[in-house]
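The sequence and coordinates are shown below.

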Amino acid sequence: MTTSTAIPAKAASNDASPLSDMLLPVVRSPMLDREEELFAYELVFYRQGAGTDADTTLAGSILSGITDGAITRLVRGNRAFMRLPRQLLLEQTDILAHVPRLGVIVHPIHVRDAAVLQRLQQLALRNCPLLLDLGDADPDASDSFGALEPLLRLARYVRIDAKALDDETLAERCKRLYERGLSVIAGNVDDHITYGRCKSLPFQAIQGRYLLVPQQIEVPVLTPNRLSLLRLMGALQESSAGPVELGEIIRDDAVLSYKLLGCVNSAYFSLPRQLKSIQQAAIFFGVARMRNWIHTMSLSSMDDRPPELLRTALIRAHMCEKLAHGMPAEQQEMAFMAGLLSLLDTLLCAPMEFVLSHLPLAPEIRDALVEDRGPFAPLLSQIYAWEAGELQAAQMQPQNIRKMAGAYYAATQWADQVYSFAEQRTS
């Protein structure tokens, strides 16, 4: 991260990793189980342009990402599913045998493609996880599952479109697939009403934008723990806080101090010496950077919220700061905060304006979060569009897509590193 304080070159080398680490336009979309833990990621690749050249470029990029391990690092070695271009599916799927937790998403249309169907049969024999994406298609009930039966016999997982189906159809379809011994995934769960419908059914996992949407609560209440969190964040906003003051602010929180020092001393940052106190860390990294990391670690320690929601807040923070390069150093620091706090209403289960009434923030950050205006609003809009795959709506040029791809990959690596320390238990 860039701040107004000079950073030793070795310490900055990892954190300021080049945006060209991975230029494949991809976002990871989590599927969460009933306990809201990660079940798998879907890797959504963005196709740039049209025609066979775009297909060839995408296929080559995916193959390269699998071969050099970038995709495995992106998903932290977890189970992941992705759609493969037909060319890649027919010619290069042998590589999947070396990445056993990487699966293929199968479209119903593949049942009519003899060559692809044969390749899918070979993949199934090699225990490659296959996910049949039914969408809202109706598998013909008159003859078991009708024309899709060849694909259902190969698949371990099936995804159906929860948003497109009424309550009765959703329940009936989920039950029929579950009774076949398939793991059923609810897709397109974009609101909490749909999520509530799915929670009562035997779905293996649920996927959709609901995770990032705040719940509608008539009378918001902040628990003592969340009020304490906001008080800590408010104290950190004091402009007069220096290295000594930062140490005093979190002095009584031994767990937070332990996790924070463990993170900054980790191999990720390759420090020349071990930092033994928050004051030392603030002097070494700079007060602005250290203040951001305390905010980060505090939010990441919320153990009553889905881990993937917390990771998304961290990813947004890092991306927002990277995209703010070219702005004054002070605004880059504020950009980080704008990204980090963009999910504060969802994290605290309360409206954004209500939450921010308890937290003193720079007007530029508040304007971006509440009124969608100011210098950071366009940065957040780009990130939202990237997450949702709406690159055309955001009118992104190819060079901007490459920049976003690099920023997103660097942000996921940083967020996963930070969160791995935040979720540690000291007992």
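In which helix is the place of Leu-88? In this predicted model, Leu-88 belongs to helix H4, which spans residues 86-91. Its relative accessibility is 5%, so Leu-88 counts as buried, the cut-off for that class being under 20%.

Apart from neighbours within four places in sequence, the residues in contact with Leu-88 are Ala-59, Ile-62, Leu-63 and Thr-93. Leu-58 lies 30 residues away from Leu-88 along the chain, and the C-alpha atoms of the two are separated by 9.4 Å.

**Helix H8**

Helix H8 comprises residues 192-199, and its buried residues are Thr-194, Tyr-195, Arg-197 and Cys-198. These residues cover an arc of only 160° around the axis, and therefore they are on the same side of H8. In general, an α-helix has 3.6 residues a turn, so residues three or four places apart point the same way.

The buried residues of H8 are covered by elements including helix H7 (167-179), strand S7 (183-187) and strand S8 (205-207). At the start of H8, the backbone nitrogen of Ile-193 has a side-chain oxygen of Asp-191 within 3.1 Å.

**Gln-417 in helix H20**

Gln-417 is part of helix H20, which runs over residues 398-422. Is Gln-417 buried or exposed? Gln-417 counts as buried because its relative accessibility is 19%, and the limit for a buried residue is under 20%. When residues up to four places away in sequence are not counted, Gln-417 touches Ser-266 and Tyr-268.

Terms used:
Residues are numbered from 1 along each chain as its sequence is written. This is a predicted model: local features need pLDDT of at least 70, side-chain atom pairs count only at pLDDT 80 or more; totals for chains, interfaces and linings use all residues. Side-chain values use heavy atoms; hydrogens and water are left out. Buried means under 20% relative accessible area, exposed over 50%, partly exposed in between (1.4 Å probe, protein chains only). Helices (H or I, at least four residues) and strands (E, at least two) are DSSP runs, numbered from the N terminus. The arc is that of the directions from the helix axis to the C-beta atoms. Contact means heavy atoms within 4.5 Å. A polar contact is a pair of N or O atoms within 3.5 Å; within protein, one must be able to donate a hydrogen and the other to accept it, and residues adjacent in sequence count only if both atoms are side-chain atoms.
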